[in-house]
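I opened this model to look up strand pairing, a helix pair and a chain interface. My notes follow.

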Amino acid sequence: MNTRNLEITVGAFVVLAILAMVMLSLKVSNLASYGAQGNVYEIQAQFENIGGLKVRSPVSAGGVRVGKVADISYNNEQFTAVVTMQLEGAYKFPLDTSASILTAGLLGEQYVGLEPGGDEEYLVQGGEIELTQSALVLERVIGQFLFSKAQEKQGE
Amino acid sequence: MFNWLQSIGHRTFDRFSRVGRGSLFLWQCLLSLTYVFTKPILLIRQLYSVGVQTLLIILVAGLFVGMVLALQAYIVLVDFGAEESISLMVSLSILRELGPVFTGLLFAGRAGSALTAEIGLMKSTEQLSGMEMMAVNPMKYIIAPRFLAGVISVPLLTAIFMAVAVLGGYFVAIEMLGQYEGVFWSQLQIKVDFYEDLMNGMIKSLVFGFVVVWIAVFEGYDCVPTSEGLGQATTRTVVHGSLAVLGLDFLLTALMFNV
């Protein structure tokens, strides 16, 4: 094989590998969302129980993804879980926005859902959401359900 | 009794001297690498025979591994109503483990054995000593380009393997099992981390490439210059290369994903 064809084939191989890399980083991993890193702000919310929420879980408002969970820690004075959320700068939420931990599907992924309020001022970097609703823990719900069923039976 | 003890001692010395020779060989090879940059055509020729010619097996293997994983993931996950997570299961196992490991194993079998056989035959037919007679350092002219080509190709092949495997999984999940395309990609973008998953996989592949090529080139250079010795050296390349990949994979995983 002459040098030119050799170089063309090796060139095609390298280009293919680079394309694969680009596809993996943009389409498969979340590298694209690192780009917006400059224009984000962080807010906090305290929950009594965060269930299965994890760092990098989505934060959505009205079903649209507006940010992600950046950090989860435990406040040892108030005995609550502190969730730090990173929201994209393009989205603004009123001060009296409420946050609840919801589940996608019955056993699916848990995420933070934001419900905007009516305040005229907006949450800014370092702000805190006061109104929160804890995660729905399946065991408790099942427990309540069984308990109410048992009571029904007794009433009959 | 003493003969038996002596044979154990002999074997031990043998092993140690091999390890020593291997390390010295690697050191000389790394020192000769600068020569390759002054003659890039040597590198390109080797990139062709080591990298490009391994491409086909990588593509086919990647496609089927991705497809099988998607099918198996579906069978398990559908019981829990979690079949949206197919893409996650496929791509995390590919990016973290199977991509680098499969590529390392296939590379050891396809390109590593060829490298050993080629260099071993050069040694058996005294081409290497011929070069030395002509004051051409075979380390610079033969070994270093092959070594560098291997170290460069394995991460490239791994990236291609990963991409093709994810596409294979995509094909099975969307076309055969009727999942939603949007769910497939959005699950990945939320859960697969660029540094944590993809970059760690690529670092693994770099390490595997380095070790497999080192073993392959050394076995060829160090083989007993007979047809039997050549056969043994080729076998050793595949066996030791594959075992090294699997063993290192465990070590690297334990280090990277701090359990």
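I started with strand β5 of chain A: β5(A) pairs in the parallel sense with strand β8 (residues 131–133) of chain A, over 3 bridges. Strands here are DSSP E runs of at least two residues, helices are H or I runs of at least four, and both are numbered from the N terminus. Pairing needs at least two DSSP bridges between the strands. A:A99 has A:T132 in β8(A) as its bridge partner.

I then checked β6(A). β5 (residues 98–103) and β6 (residues 110–115) of chain A pair in the antiparallel sense over 6 bridges. A:S100 stands opposite A:G113 in β6(A).

I noted the source. The model is predicted: local features need pLDDT of at least 70 and side-chain atom pairs 80 or more, while totals for chains, interfaces and linings use all residues. Residues are numbered from 1 along each chain as its sequence is written, with chains lettered from A and ligands numbered from 1 in the order written.

Next, the helices. How do α8(B) and α9(B) lie to each other? They are roughly antiparallel (angle over 145 degrees). I read an angle of about 155 degrees and axes 9 Å apart; axes are lines fitted to C-alpha atoms over the stretch in contact, and angles run from 0 to 180 degrees between N-to-C directions.

Last, the interface. I found 27 residues of chain B in contact with 23 of chain A (C-beta atoms, placed from the backbone, within 7 Å). Elements giving two or more residues to the chain B side include α2 (40–51) and α6 (138–176) of chain B.

Conventions
Two residues are in contact if their C-beta atoms, placed from the backbone, lie within 7 Å. Angles under 35 degrees count as roughly parallel, over 145 as roughly antiparallel, 65 to 115 as roughly perpendicular and the rest as oblique.
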